[in-house]
Amino acid sequence: MRIVVTGGAGFIGSHLSEALLKTEHEVVVLDDLSNGKKKYIAELEGHPRFRFVQGSILNRPLLKQLMNQCDVVYHLAAVLGVKNTVESPLKVIEGNIDGTRNILELAWEKQIKVVFASTSEIYGKNEKLPFTEESDRVLGPPQVHRWCYATAKAIDEHMCFAYADKGLPVTIIRFFNTYGPRQTSTQYGGVIPKFIVAALNNKDITVYGDGEQMRCFTYIHDTVRGIIPCMEPAFDKHAFNIGTTYRLTINDLAYKIKELTGSSSSIVHLPYELAYGPGYEDMKNRLPDISKAKLMLGYSPKVNIEQGLL
Ligand code: NAD
């Protein structure tokens, strides 16, 4: 397969590209380096089946040229991060919706398979745990504070389903807090790198809120193993939760990182508002039901949090 990975110089995209190259695939990474880094794909440069193109998914002629030569697009490029969502909601909405529309319209012209990177945030403040894909199509705007990101991704999903209904091969992945090498503290779910940096420098580990919010952190290699099968036609028109079921509170995470690093840091609690502005309240619990991915994709996360942190 010839595969375009948008956002392929980013955290998840660079690991995915690496894994795809280990099989027979050809990989073209398209990334504007707004958040990604060339060093993440440095080891891939020079590989006979790899090419990096610096550019934006908003540059339609460029995107068309690349997509015309491919069979599959993993669409991971996105405007994300707390800074963008708090300070530039319009940039988040426009970048994510316009970009995905470009991908889908061009994919439609050539009937190219699209694998779209969505997020657990489209479930909003769902109190029914764990989150299941039961009704694949999430209705209405997600009621979360990072509404611009969640809403843009939800609209992207609706566009994906609309194209899938017309016959375009599309699969949606809903990521739940992926972590691992190359993740930076500015990124989505960047709480782990933030805590590690603080711990290694013996600085305060800052927990926002009471720290009892629960998350399931997924190691990057598990994430990648989960998303590679999604390019197969058998999974067209499906959405999959890709995460783990191992639950951890943010307090537990802070203590684990302090212990593993042997740090003398203090763990301090601050109100959300100090980081994210007035009225901010994070989702209390974000836990996936991954039975659909297990059953259909053969997905089985293997790395527990202690192994992943080491
Ligand atoms: P990332 O920021 O490392 O990767 C995104 C990449 O997209 C970056 O390299 C950035 O430079 C690039 N990019 C942004 N705008 C672009 C544009 N207009 N054109 C081309 N490239 C552009 O983030 P990530 O954590 O690797 O996330 C990858 C995808 O997974 C995103 O779509 C994100 O919304 C989704 N996601 C990630 C997580 C997670 O836990 N990391 C959770 C939920 C969803």
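Me: How much of the chain counts as buried?
Reply: In this predicted model, 55% of the 310 residues of the chain count as buried.

Me: And what secondary structure is there?
Reply: The chain holds eleven helices together with 14 strands. Its radius of gyration is 19 Å, close to the 19 Å that the globule rule gives for 310 residues, so the chain is as compact as a globular protein of that length.

Me: What does the C-alpha trace span along its principal axes?
Reply: The spans come to about 55 × 45 × 40 Å for the C-alpha trace of the chain.

Me: Switching to the surface, how much of it belongs to carbon and sulfur atoms?
Reply: Carbon and sulfur atoms make up 53% of the accessible surface, which comes to about 13500 Å² for the chain.

Me: How far apart are the mean positions of the positive and negative charges?
Reply: They are 3 Å apart, taking the 35 positive and 34 negative charges of the chain.

Me: Now Asn 102, buried or exposed?
Reply: Asn 102, which lies in helix 4 (residues 89-110), counts as buried because its relative accessibility is 10%, and the cut-off for buried is under 20%.

Me: Which side chain does it make a polar contact with?
Reply: The side chain of Asn 102 is joined to that of Arg 60 by a polar contact of 3.1 Å. Leaving aside neighbours within four places in sequence, Asn 102 is in contact with Ile 57, Leu 58 and Leu 63 as well as Arg 60.

Key. Residues numbered from 1 in each chain as written. Predicted model: local features only at pLDDT ≥ 70, side-chain atom pairs only at ≥ 80, totals over all residues. Heavy atoms only, no water. Helix = DSSP H or I, 4+ residues; strand = E, 2+ residues; numbered from the N terminus. Rg over C-alpha atoms; globule rule 2.2 N^0.38 Å. Buried < 20%, exposed > 50% of the residue type's maximum accessible area, 1.4 Å probe, protein only. Areas by Shrake-Rupley, 256 points an atom, 1.4 Å probe, with all protein chains shown as cover. Lys, Arg positive; Asp, Glu negative; His and termini not counted. Charge placed at Lys NZ, Arg CZ, Asp CG, Glu CD. Polar contact = N/O pair within 3.5 Å; in protein donor to acceptor, adjacent residues only side chain to side chain. Contact = heavy atoms within 4.5 Å.
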